[in-house]
Amino acid sequence: MSAQLAAYSTSTGEAVQFWVLGTVAVVGALATVFMKKAVHSALSLAGTMIVLAVFYLANGAYFLGVVQIVVYTGAIMMLFLFVVMLVGVTAADSLKETIKGQRWLALLCGLGFGILLLGGIGNASLTEFDGLAQANANGNVEGLAALIFTKYVFAFEITGALLITATIGAMLLTHRERTERAKTQRELAEERVRAGKHLPPLPAPGVYARHNAVDIAGLLPDGTPSELTVSKTLRDRGQIRDVSREALSDLRALEQRSEERLERTPVEPADAQRAEEASK
């Protein structure tokens with residue numbers, strides 16, 4: 001088989017890979033749009049990006065495939081996912097349109113993107129191409145750099161400007177102007193003192209007690225448990241173990257044993273022998 005024929009032919013393994021992974025990529029893309037929860041949409045988009053990375057690797061674009069996994073899937077998408085998980089998107093968020101006509105504008109942009117996609121597919125189907133061997137003759141990185149900074153330099157710069165504009169727009173949309181002056185640390189401390197709140201750090205669990213577990217209240221010097229030593233959440237749940245009586249009884253038993261040992265008289269050898277025989 002010649003090199004020109006090999007460039008246009010597709011093996012059975014490549015066909016199976018394309019149809020299986022292509023279906024997964026399309027399902028993930030549709031799930032990204034139609035999922036109700038933002039976390040599920042982010043996970044679906046991450047799966048689609050991983051499938052695209054596999055396509056890049058299968059076509060010999062090793063550098064682009066690794067970048068797709070490390071940069072986009074591993075860094076950017078996981079950052080989006082963690083932000084969504086930490087901040088959360090609830091039903092309380094306003095879904096009212098603040099920019100008039102944005103749906104029609106989005107529909108027009110989607111239609112334009114579809115036309116460009118069909119044009120690119122048609123161009124790839126009607127024109128001849130050299131194949132991966134010639135494209136990666138000097139290495140995938142060098143071939144990719146030659147295309148980006150020569151033939152597609154204008155599109156590359158436009159994409160960079162679009163990303164920068166989107167970043168600045170996101171910063172402006174999320175920025176909130178303060179309606180009042182921010183309070184200083186001194187002012188906040190004075191408010192806490194006037195309110196009578198507990199200023200010093202709370203005592204740790206198990207203070208004056210024989211335990212240091214978070215669900216066991218610490219004992220005050222008089223033997224009573226201190227509610228400040230346990231979490232309010234555990235108190236509300238009823239998960240606090242009260243060992244104050246147990247601790248006091250153990251303390252009394254320890255004091256009694258200490259007094260007995262301090263007041264014990266020396267044992268004679270004969271008495272010790274009789275006690276040993278009696279124990280046998």
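Which residues does methionine 77 touch, not counting residues up to four places away in sequence? In this predicted model, methionine 77 touches Ala42, Leu45, Ala46, Met49 and Tyr72, a contact being heavy atoms within 4.5 Å. Local features need pLDDT of at least 70 and side-chain atom pairs count only at pLDDT 80 or more, whereas totals for chains, interfaces and linings use all residues. Residues are numbered from 1 along each chain as its sequence is written, and side-chain values use heavy atoms, with hydrogens and water left out.

Met77 also belongs to the largest nonpolar core, together with Ala42, Ala46, Met49 and Leu81. Such a core is a set of buried (under 20% relative accessible area, 1.4 Å probe, protein chains only) Ala, Val, Leu, Ile, Met, Phe, Trp, Tyr and Cys residues joined through side-chain atoms within 4.5 Å. Two or more residues come from each of α3 and α4 (62-87), and α3 gives the most, with three. Helices are DSSP runs (H or I, at least four residues) numbered from the N terminus.

Helix α3 (residues 38-58) also packs with helix α2 (residues 12-34): their axes come within 8 Å and cross at roughly 155°. The two helices are therefore roughly antiparallel, a term for angles over 145 degrees on a scale from 0 to 180 degrees between N-to-C directions, with axes fitted to C-alpha atoms over the stretch in contact. Residues making the contact include Phe18, Leu21 and Val24 of α2 and Leu45, Val51 and Phe55 of α3.

Conventions: Parallel < 35°, antiparallel > 145°, perpendicular 65-115°, else oblique. Buried < 20%, exposed > 50% of the residue type's maximum accessible area, 1.4 Å probe, protein only.
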